Amino acid sequence: MSEQEFKSYRLVSLSEPSDEMMTILMDKVAIEVRESNRKSDKIFFDNLRQAANSNRKSRRMIN
């Protein structure tokens, strides 16, 4: 299946996707989910590091 055929396909109730189309769709969704998870993990751990560093700095100021 060409990229153009893939991009022109729309999931509607009138026609079911072929096995090939479902495989392509599922692969593309899996790639997007992994990328989204990677980005959210990075944001989470960046924020966690920032909070830990801020906590350390405030503890030093108190002591």
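How exposed is arginine 49, given as relative accessible area? Arginine 49 has a relative accessible area of 49%, so it counts as partly exposed. The cut-off for exposed is over 50%. This is a predicted model. The briefing covers salt bridges first, then aromatic rings and a surface patch.

**Salt bridges**
- Side chains of opposite charge can pair when their charged atoms come close.
- The count here is 3 salt bridges.
- Arginine 38 pairs with glutamate 35, with the closest N and O atoms 2.8 Å apart.
- These two residues, arginine 38 and glutamate 35, are 3 residues apart in helix H2, so about one helical turn separates them.
- Aspartate 46 bridges to lysine 42, and their closest N and O atoms are 2.7 Å apart.
- Both aspartate 46 and lysine 42 lie in helix H2, 4 residues apart, or about one turn.
- Arginine 49 meets aspartate 46 in a salt bridge at 3.1 Å, N to O.

**Exposure of the charged residues**
- Arginine 38 is partly exposed at 46%, and glutamate 35 is partly exposed at 32%.
- Aspartate 46 is partly exposed at 31%, and lysine 42 is partly exposed at 47%.

**Aromatic pair and nonpolar patch**
- The structure holds 1 aromatic pair.
- Phenylalanine 44 and phenylalanine 45 have ring centres 5.0 Å apart and planes at 80 degrees, so the pair is edge-to-face.
- Phe44, Phe45 and Leu48 make a nonpolar surface patch of about 300 Å².
- Phenylalanine 44 is partly exposed at 48%, phenylalanine 45 at 40% and leucine 48 at 45%.
- Leucine 48 sits in helix H2, residues 19-62.

Methods. Residues are numbered from 1 along each chain as its sequence is written. This is a predicted model: local features need pLDDT of at least 70, side-chain atom pairs count only at pLDDT 80 or more; totals for chains, interfaces and linings use all residues. Side-chain values use heavy atoms; hydrogens and water are left out. Rings of Phe, Tyr and Trp (its six-membered ring) pair if their centres lie within 6.5 Å; planes under 30 degrees apart count as stacked, over 60 as edge-to-face and the rest as tilted. Buried means under 20% relative accessible area, exposed over 50%, partly exposed in between (1.4 Å probe, protein chains only). Patches are made of residues with over 30% relative accessible area and no salt bridge: like charges are joined within 9 Å, nonpolar side chains (Val, Leu, Ile, Met, Phe, Trp, Tyr) within 5 Å. Accessible areas come from the Shrake-Rupley method with a 1.4 Å probe; for residues, only the protein chains shown count as cover. A salt bridge is a side-chain nitrogen of Lys or Arg within 4 Å of a carboxyl oxygen of Asp or Glu.
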